Amino acid sequence: MAAPHMIYLPIAGRGELIRLIAAAGGLELTESPELPEGETKLMYCSPSGVPLLRHGDLKMSQSGAIEAYLASIAPKFAGLTPQQRAVDMQYAGIKEEVLLNCAKAIFTTRKADPAKATEDIVALLDKWMAIFEDKVPEEGFMQGLGFPTVADLALLNITTGYMPFGAAAKHANYDFSKFPKVVALCDRTAKADGVAAYVAASPYASANPFNM
């Protein structure tokens, strides 16, 4: 069977954690910004949005479902327990909540009330980063394994993906270094096998096509 193929924009957004899961999990993932000729988003159960994923006969949408699917077939994650997978998807879900609210702040609230956008971003990030700081281990990774899993990758995504997280942090002049345990975990994660090569080569995390 051919490698899983993602259709998504060339930005971090809702595609970056999917890419990181494949990289960390030892799973080949191909990608394009457009659907193959003759296909429609409705074939993927999507009325309009991306990301989309094709793998053999499987066509699917929804970033959380794609993240869970790729994590379930990634070779390096094969030994994870159901409990570990549940924790991983909890952090993926939190990532999605943070993403949604960062996007709302920079694309909607900022246009009408920049000060309110700043207030919302700071409140959002302070709330979740404090929780992460409490949960992150002093050494190693979130699941106590010798390699990062989705939980670690979700935090790396939040702290390094420019769209929309970095753009929101820039607007609010937000400093992630207030949370040293999270920063240290993300640094370890970025240097892990598979992740380091992806981070070094990928243009997506830093992409800023909206000039924000």
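The bend at a residue is the angle between two fitted axes, one through the seven residues ending there and the other through the seven starting there. In this predicted model, that definition applies to helix 3, which is kinked by about 40° around alanine 105. Helix 3 covers residues 82–112, 31 residues in total, and its first and last C-alpha atoms are 44 Å apart, close to the expected 45 Å.

The protein chain contains eight helices and four strands, arranged from the N terminus as β-α-β-β-β-α-α-α-α-α-α-α. Its radius of gyration is 17 Å, close to the 17 Å given by the globule rule for 212 residues, so the chain is as compact as a globular protein of that length. The C-alpha trace spans about 50 × 40 × 30 Å along its principal axes. Of the 212 residues, 46% count as buried, and the chain exposes about 10000 Å², with carbon and sulfur atoms supplying 57% of that area. Among contacts with a separation of 6 or more, 71% join residues 24 or more positions apart.

An unreviewed UniProt entry lists residues 81–210 as "domain: GST C-terminal". This span is 72% helix and 0% strand, and its end C-alpha atoms lie 40 Å apart.

Attention may now turn to a single residue. Serine 63 belongs to helix 2, which comprises residues 63–73. Because its relative accessible area is 5%, serine 63 is buried, the cut-off being under 20%. Apart from neighbours within four places in sequence, serine 63 is in contact with Arg14, Ile18, Pro51 and Glu96.

Methods:
Residues are numbered from 1 along each chain as its sequence is written. This is a predicted model: local features need pLDDT of at least 70, side-chain atom pairs count only at pLDDT 80 or more; totals for chains, interfaces and linings use all residues. Side-chain values use heavy atoms; hydrogens and water are left out. Helices (H or I, at least four residues) and strands (E, at least two) are DSSP runs, numbered from the N terminus. Buried means under 20% relative accessible area, exposed over 50%, partly exposed in between (1.4 Å probe, protein chains only). Contact means heavy atoms within 4.5 Å. UniProt positions are given in the numbering used here, feature names are shortened, and annotations may be inferred rather than shown by experiment. The expected span of a helix is 1.5 Å times one less than its number of residues. The radius of gyration is taken over C-alpha atoms; the globule rule is 2.2 Å times the number of residues to the power 0.38. Accessible areas come from the Shrake-Rupley method with a 1.4 Å probe; for residues, only the protein chains shown count as cover.
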